[in-house]
Structures are given as C-alpha cells and as structure tokens.
Amino acid sequence: MPRYFYWDKKTTVEEATQLSIFKLKEFGLLCGYAATTLTWTRKLSDHKSSIGIVVDTENLYAKVNYTITDRNTDEKTDYDYKISLTTTPCNFGGKRYWFICPLSVNGLYCGRRTGTLYLASGGNYFGCRHCYNLSYESRNECRLGRFGQMGYVLKADRQIEELYKQIKRWTWAGRPTRKVRKLQALEQKMNRAISLSERFLLD
C-alpha cells in the first residue's frame, strides 16, 4: 500500500500535480476501457507533467504510470499502480465516478472518496489533499485573481463531496429534494468553470 509521511513545509494544491476525475470524464475516458497519456502544465512553475493512464470502469480502477526524477541525484524511478474507483448514482440516471485515495498515513489507510488526487513535491504516489495536508492558494487571492477560476472549482468540489454524504433521499413527491437541487446547481457551475479553465492541457 502506498505510504506518505508528512514534512514540515505545507504546500498548496496549486503547487501539486493533479489528477481529476472531472478531466477524465471530459476527455472521454470513463467509458468502459480506455488508455491515453495526459500532459498538463502547472501555472505556478510552468512545470510540465505527463502520466500514462488506463481507466477500466467495468472493474472500477485507474492504472497510472509515470517517472519521478530525484532533483539531487537525477535518479529516475518508475511508478506503475492501480487506483480504485467507486460510483454514486446521479439523480436523473447514470453515475458519478470518484477516486479512492490509496495512501496510508502513519500506518492508517485513507480510502477517502475524492474527485481529485494530488502528487505533492516530495511524494511518490497520488493521494487526497487531506493525506498530503495541502492548503489552497486561492484562499489568499481575491475572487477575480489569478486562481479565482480554479479556486472556485476546488471549493465546489469540496461542497459536492459533502452534499453527496448528506443526501439520504433523492426525491420527494416525484421531485428532487432541496439538497439534490443544490447539488445539481453546483455540478453545473463547476462544469462551466472547468470548461473555462486553461489549467490543464491535453496533448
């Protein structure tokens, strides 16, 4: 089981390499069995990252492979492992996919459901922001600042996760409940924000 150990310096999600289930959906990878190579650029450092990924929605896993180079020794290490997926039902049919965080912190397996996984500086495996103890640069930016658009996506992602946990009943008298309507509105706004964001590039 992949492990991660905290270090003193707290980093932000904007500094970490991100793997988003929403981008996989946008790229058409959540459709049975699909494989591709994703390439994106972090705007804070202009650092380019690439990752090979195989998605199998029948067996509910995403298999990733990538190489990490040690900055001190230039030694390259290859990583190849599976990340479990899970689903929750959508109100009007279909399902929504989530990653299951594969990390263990202080000997405890995380297993948290999340829409985005991160590979922070000093880490070797993708994991959730809680395991990496990541903060948000957008908290220090004005609403229309540099990270405003991506900051909104991250905030909406957290709110959607919490709403999914809270919803016990999806309809009442044939109509969506108040929490379901709020969830649908958030998902629509987040999808629009993702479409406008130029944070990720697909080669």
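Tyr 79 is buried, with a relative accessible area of 12%, where buried means under 20% relative accessible area, exposed over 50% and partly exposed in between, for a 1.4 Å probe and protein chains only. The model is a predicted one, in which local features need pLDDT of at least 70 and side-chain atom pairs count only at pLDDT 80 or more, while totals for chains, interfaces and linings use all residues. Residues are numbered from 1 along each chain as its sequence is written, and side-chain values use heavy atoms, with hydrogens and water left out.

The structure holds five aromatic pairs, a pair being rings of Phe, Tyr and Trp (its six-membered ring) whose centres lie within 6.5 Å, with planes under 30 degrees apart counted as stacked, over 60 as edge-to-face and the rest as tilted. Two of these edge-to-face pairs are set out below.

| Pair | Centre to centre | Angle between planes |
|---|---|---|
| Tyr 66 and Phe 126 | 5.5 Å | 90 degrees |
| Tyr 79 and Tyr 125 | 5.3 Å | 80 degrees |

Tyr 79 is in strand E6 and Tyr 125 in the loop between E11 and H2, so that this pair links distant parts of the chain, 46 residues apart, with helices (H or I, at least four residues) and strands (E, at least two) taken as DSSP runs numbered from the N terminus. Tyr 125 counts as partly exposed, at 24% relative accessibility, whereas Tyr 66 and Phe 126 are both buried. Tyr 66, Tyr 79, Tyr 81, Tyr 125 and Phe 126 form one aromatic cluster.

Side chains of opposite charge can pair when their charged atoms come close. There are two salt bridges, each defined by a side-chain nitrogen of Lys or Arg within 4 Å of a carboxyl oxygen of Asp or Glu. In one of them, Asp 80 pairs with Lys 63, with the closest N and O atoms 3.8 Å apart; Asp 80 lies in strand E6 (residues 76-89) and Lys 63 in strand E5 (residues 61-69), so the pair ties together parts that are 17 residues apart in sequence. Glu 26 forms a salt bridge with Lys 23, their closest N and O atoms being 3.0 Å apart, and these residues, three apart in helix H1 (residues 21-26), are separated by about one helical turn. Lys 23 is buried at 9% relative accessible area, while Glu 26 is partly exposed at 44%.

For the chain as a whole, there are three helices and 13 strands, and 47% of the 203 residues count as buried.
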